[in-house]
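Please keep the sequence and the structure in view while reading.

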Amino acid sequence: MSGEPGRAGPMTIGEDAGRVDVAVIGAGPAGLAAATQAAQAGLSVALFDEQPAPGGQIYRAIEAADARAASLGDLLGADYARGRELVAAFRASGAQWHGESSVFDLSAEGGLGVLGRDGARWWQARRVIVATGAMERPVPVPGWTLPGVMGIGAAQTLLKQSALVPDEATVIIGSGPLLFLAARQLLAAGSPVRAILETTPGGNMHQALPMLPRAFLAGPEIRKGLTWRRELRRTGVPMFTRVDDVRIEGDASLKRVRARAGGESLQFECGLVLMHEGVVPSTQLSMIAGAAHDYDETQACWHVRKDAFGRTDREFILVAGDCAGIGGAELAAAEGRLAGIAAAADLGALERARVDGLAGASRELLARKAPLRRFLDTLYRPRQQVLVPPDDATIVCRCEEVSAGELRRMAALGCTGPNQAKAFSRCGMGPCQGRQCALTAAQVLAHESGRPVASAGHFRVRPPIKPVTVGELASMTGLGAPPETGPLLPTGNSET
């Protein structure tokens, strides 16, 4: 997917727009590090995030962890506690904090539409660093829309934000390191976990095995993961590997899970299912800004095209962290520092001669961890049943209730990609704007037509990407007189 111009022309921003040198979107590890680095260079910086306090998803509510539960910090571990240093450095940097603020629009020229506590407002920045992180990959299996089925990430949010753990009999299903981390935390917190069903295909290990020695030497992560698995085995909770054919059953709500592990049939009565098949970059903002994106066959998702410092092919737009390719919290912070350095250098606040010195540690870390990332991406690539649901009745688009079978019928009629599928079925036109179905819809259509997923494309993303009312738009500050031709309000991708 090559980059498309985000707009027919620049946003028209009035004199009362908020103006800063650097706007950072997302207050996770990448955004915190980027904002801190740019502010330390003497630039005016504004950091926007939807949460009331900085930390993002991985360090959610880190500043209040001890106040919520005395044991919560110990339960979440040292990796979570590391977020305190990032937040403290940001607080001391002089950068502006704008919590409870949703960025619903972004132009290639650095204009932002922001809905905050006091209403909607246009901002203008000389550079924008998009650090919006990742979202859990949707797991479309039969029954995944039933009440009582949720992502592991949602369970972690409840734990970090409110110190809440499930009290229903719980089955954990999926693949990837977060599966084992979350299972350990929930069991330690007293959650009644009935079973852990690992869905990583056996063939993935054969492909990843040659990469293991270099990945093992890249750091302690492999040893840590093996320790987690041993600890889970010692709990006595049944664990099954190479699980497939997952089916979630119930009438008005979840009743049971059925699956297969090798030749063995599994069935568990439960009140909660937590699913996880990895995370994928959150690309909505970089897409509406018109930055070029590429399809990653290993991670089976789209990511923005960038250089080593996070610069995209749009001069005003940089990216950092998991929104540009999944790497985890430590690498996200390193990428955030590099993006902050690049923004400062490009705006003349940092001498070019100092760039290599400041960037050295972050670039060395990224290079050292690269073998680990390749190993994990290969080992935990989603199974084919997740990418292309085999059961025609499985819902793909939850908002419009479009099934895998309906998508296959569209492909038989000549529909080649998700944008055309909208005209056939409204797939991707619901409240989530395709976040929950875009990857699966493209996979199904590409599979049926025998084409690469990259050629099937991605839903065109149009603002507003977050809910905003007409009244909020009409009362916005910072909106100047509209151009003589074109819409009153800034528009997204100019293609229909």
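## A surface patch

Leu226 lies in helix α9 (residues 221-234). Helices (H or I, at least four residues) and strands (E, at least two) are DSSP runs, numbered from the N terminus. The model is predicted, with local features needing pLDDT of at least 70 and side-chain atom pairs counting only at pLDDT 80 or more, while totals for chains, interfaces and linings use all residues. Residues are numbered from 1 along each chain as its sequence is written, and side-chain values use heavy atoms, leaving out hydrogens and water.

Together with Phe216 and Leu217, Leu226 forms a nonpolar patch on the surface, with about 310 Å² of accessible area in total. Such areas come from the Shrake-Rupley method with a 1.4 Å probe; for residues, only the protein chains shown count as cover. Patches are made of residues with over 30% relative accessible area and no salt bridge, where like charges are joined within 9 Å and nonpolar side chains (Val, Leu, Ile, Met, Phe, Trp, Tyr) within 5 Å. Leu226 counts as partly exposed because its relative accessibility is 42%; buried means under 20% relative accessible area, exposed over 50%, and partly exposed in between (1.4 Å probe, protein chains only).

## A parallel sheet

Five strands make an open sheet with parallel pairing, in the order β8-β15-β9-β10-β11. At its edges are β8 (149-151) and β11 (239-240), each of which pairs on one side only. Two strands pair if DSSP finds at least two bridges between them. Three bridges join β8 to β15 (residues 272-277), and Met150 has Leu274 in β15 as its bridge partner.

## Salt bridges

The structure holds 23 salt bridges, each defined as a side-chain nitrogen of Lys or Arg within 4 Å of a carboxyl oxygen of Asp or Glu. One of them joins the side chains of Asp21 and Arg126 (3.0 Å, N to O). This pair links distant parts of the chain, with Asp21 in strand β1 (residues 18-25) and Arg126 in strand β6 (residues 119-130), 105 residues apart. Asp21 counts as buried because its relative accessibility is 15%, whereas Arg126 is partly exposed at 39%.

Another salt bridge joins Arg256 and Glu269 (3.3 Å, N to O). Arg256 is in strand β13 (residues 254-261) and Glu269 in strand β14 (residues 264-269), 13 residues apart. Through shared partners, salt bridges join Glu249, Arg256, Arg258 and Glu269 into one network.
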